[in-house]
Amino acid sequence: MGVSRRRFLGCFGSAVAVPRLFAKAPGDFDADLTVLLSDLHVNGISNSHQLGRLERAVGEILALNPLPARAVVFGDIACMYGRKEDYARAAAPLKRLEDAGVSVTLGVGNHDRRSTFLEAYPSYATNTKVPGRIVSVCDAGAVDFIMLDGLQGTDDRALNDSGPNNGQLDKDQQDWFASALPAWKKPVFVCSHFPVGDLSVCGKPLAYLLVRTPSVVGYIHGHDHRWYTREVREAWSKAAPKRSLCLPSTGAWGDIGYALLRTSKGRAVASLVQREFFYPKPPKPDAPVLRLWNAIVEANRSQSCAFTWTP
């Protein structure tokens with residue numbers, strides 16, 4: 001009987017990422033592995049450091065063996081103003097993931113613009129759960145991801161106006177979410193570009209609904225360009241808290257990298273892959289501050305965030 005490629009590679013040790021030497025096959029994908037990317041901030045007008053760092057991240061992801069089955073992008077694909085050129089330039093590295101067979105789900109952040117986003121990705125206009133907004137559900141096997149649209153900025157704002165910085169859910173989205181979430185059957189991550197404290201549902205903080213919904217595993221977001229975790233609570237004396245995770249920026253400023261989330265029975269672990277830290281832009285090789293920033297990267301090495309639920 002023949003030996004599968006995965007079993008053959010497994011003879012050489014644990015599931016360490018190794019270069020992909022053969023053409024992809026169905027067995028080359030890990031159904032329990034999801035890559036989490038955020039705050040791409042790709043500039044389509046001028047050459048800048050963000051695109052190169054996105055391309056580096058995509059190259060590293062495509063070198064994983066097996067490949068993650070999916071990627072979820074937590075918004076701010078555009079650099080500042082949601083220009084169509086930003087989406088055009090970001091499209092090539094993201095398409096490399098899709099061409100390799102990795103499904104990609106995109107969210108929007110405060111620097112995105114729905115009209116130009118939908119020009120680049122028209123399927124989101126028809127597949128959204130809430131008309132007029134970009135709301136997606138990603139089936140990740142053991143869990144689901146609900147990607148909410150907290151973008152306040154309107155498309156009639158000036159082209160050089162980045163719009164409001166904080167997130168907010170419109171009424172139709174609040175109504176849909178307040179009805180859909182309590183009935184959710186699978187374990188589910190609630191996701192948005194924005195921190196949980198920005199968002200409210202039907203007159204109450206989003207945290208209120210998250211902690212009271214048994215199927216909710218946790219909350220994942222971007223926006224702050226730093227890797228950190230928080231407890232999501234209704235109040236100290238109320239229901240048990242859920243966990244919130246903030247993702248690094250793929251290439252803009254702050255913690256630079258992405259996360260790999262692996263699910264198993266009753267458990268999901270997001271592992272940080274951090275390559276750099278800088279603010280507000282990459283330093284010169286001899287910059288005195290580089291020593292401190294390298295120390296931040298070293299301190300974050302091997303960071304992870306675990307989520308648990310009752311199977």
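**Helix packing and a buried aspartate**

The axes of helix 2 (residues 49-62) and helix 3 (residues 84-99) come within 9 Å of each other and cross at roughly 5°. Axes here are lines fitted to C-alpha atoms, for helices over the stretch in contact, with angles from 0 to 180 degrees between N-to-C directions. Keep in mind that this is a predicted model: local features need pLDDT of at least 70, side-chain atom pairs count only at pLDDT 80 or more, and totals for chains, interfaces and linings use all residues. Residues are numbered from 1 along each chain as its sequence is written, and side-chain values use heavy atoms, leaving out hydrogens and water.

**Helices 2 and 3**
- The two helices, helix 2 and helix 3, are therefore roughly parallel (angles under 35 degrees).
- On the helix 2 side, Leu-54 and Val-58 are among the residues that meet helix 3, whose partners include Ala-90 and Pro-93 (contact means heavy atoms within 4.5 Å).

**Asp-255**
- You'll find Asp-255 in strand 12 (residues 254-264).
- With 0% relative accessibility, Asp-255 counts as buried (under 20% relative accessible area, 1.4 Å probe, protein chains only; exposed is over 50%).
- Beyond its neighbours within four places in sequence, Asp-255 touches residues including Trp-227, Phe-277 and Asn-300.

**Helix 8**
- Trp-293, Val-297 and Asn-300 are buried in helix 8 (residues 290-300).
- Seen down the axis, the buried residues of helix 8 fall within an arc of 70°, so they line one face (the arc is that of directions from the helix axis to the C-beta atoms).
- Those buried residues pack against strand 12 and strand 13 (267-278).
- Arg-291, Leu-292 and Ala-299 are exposed on the other side of helix 8.

Key: Helices (H or I, at least four residues) and strands (E, at least two) are DSSP runs, numbered from the N terminus. Angles under 35 degrees count as roughly parallel, over 145 as roughly antiparallel, 65 to 115 as roughly perpendicular and the rest as oblique.
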